[in-house]
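Please look over the sequence and the fold below before reading on. The paragraphs after it are meant to be read with the structure open beside them.

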Amino acid sequence: MFAAQSASAQVVWNPTTDFSTTNGNPNGAWTYGWMDTAFTAFTLYTSNSANAWLGYLGGDGTPAVLLNTSGSMVNGVPPGDLALHPGPGTQPAILRWTAPTGFVGTAHVAGQFLSGDSGVMQVAIRLNGSAVWSATDFGAFDFNQVFVPGDQLDFAVYGGYQFGTTPLEMSITASAIPEPSTYAAIFGAAALGVAVVLHRKRI
């Protein structure tokens, strides 16, 4: 009965509701950083404000991943939305999701990049370094993907700089990851069943 309940549950990773500048970087399954224009090296942001992780490659803190905590539109970002801004050399701003330990299976990845500020950027999703989706400036995505622990799914904004603030609204949804105690209960019940069968055979 417990196993059936676990199988029907879901876990949702939402970078907007999960966003934090106080929980450290990485923040749970989320990591905030930037890459070189060839997408060969990933660098963690180590600086932050109250609502943004900042790269400071130029004088304005970009590349960056930020949350609009105001009650109004700011640089093309709706209130409450997460956004990415490339660096001054068009370096990609990266929001990275890493499949957690214990999760093996299919997850549903859905959302959209919005056009945001007036600059035209490139937007993409990359799995373990390879592009799985891309668009110019904005676009919606909706796909299922099989993950194993440690897989990295990068959401990137790049290819421009001026007026490059680009909102991202999305979530990753999957069946719940069983807790270690759940595994113990399942395996314990199975072992008990085997013991009962063996006992009956001896009688």
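Predicted model: local features only at pLDDT ≥ 70, side-chain atom pairs only at ≥ 80, totals over all residues.

Residues are numbered from 1 along each chain as its sequence is written, and side-chain values use heavy atoms, with hydrogens and water left out.

The protein has three helices and 14 strands, where helices (H or I, at least four residues) and strands (E, at least two) are DSSP runs numbered from the N terminus. Of its 203 residues, 41% are buried; buried means under 20% relative accessible area, exposed over 50%, and partly exposed in between, with a 1.4 Å probe and protein chains only. Among contacts (heavy atoms within 4.5 Å) between residues at least 6 apart in sequence, 68% join residues at least 24 apart.

With residues up to four places away in sequence not counted, Ile 172 touches Val 11, Val 12, Trp 13, Trp 30, Trp 97, Ala 107, His 108, Val 109, Leu 153 and Phe 155.

A search of the whole structure finds one salt bridge, the term standing for a side-chain nitrogen of Lys or Arg within 4 Å of a carboxyl oxygen of Asp or Glu. The side chains of Asp 154 and Arg 96 form this contact at 2.6 Å, N to O. The pair links distant parts of the chain, since Asp 154 belongs to strand S13 (residues 152–158) and Arg 96 to strand S8 (residues 93–98), 58 residues apart. Are these two partners buried or exposed? Asp 154 is buried, because its relative accessible area is 4%, and Arg 96 also counts as buried, because its relative accessibility is 9%.

The largest pocket contains about 220 Å³ of space. Of the 17 residues lining this pocket, Leu 66, Val 74, Asn 75, His 85 and Thr 165 are the closest to its centre. Strand S5 (52–54) and strand S6 (64–67) are the elements that give two or more residues to the lining, and S6 gives the most, with three. A pocket is defined on a 1 Å grid over the protein atoms alone, as an open set of points where a 1.4 Å probe fits, with protein on both sides within 12 Å along at least five of seven lines; lining residues have an atom within 4 Å of a point. Grid points are joined across faces, edges and corners, and the volume is the space filled by probe spheres set on the points.

Two single residues remain. Val 132 lies in strand S11 (residues 130–136) and counts as partly exposed because its relative accessibility is 39%. Pro 26 sits in the loop between helix H2 (15–18) and strand S2 (30–35), and is partly exposed, with a relative accessible area of 46%.
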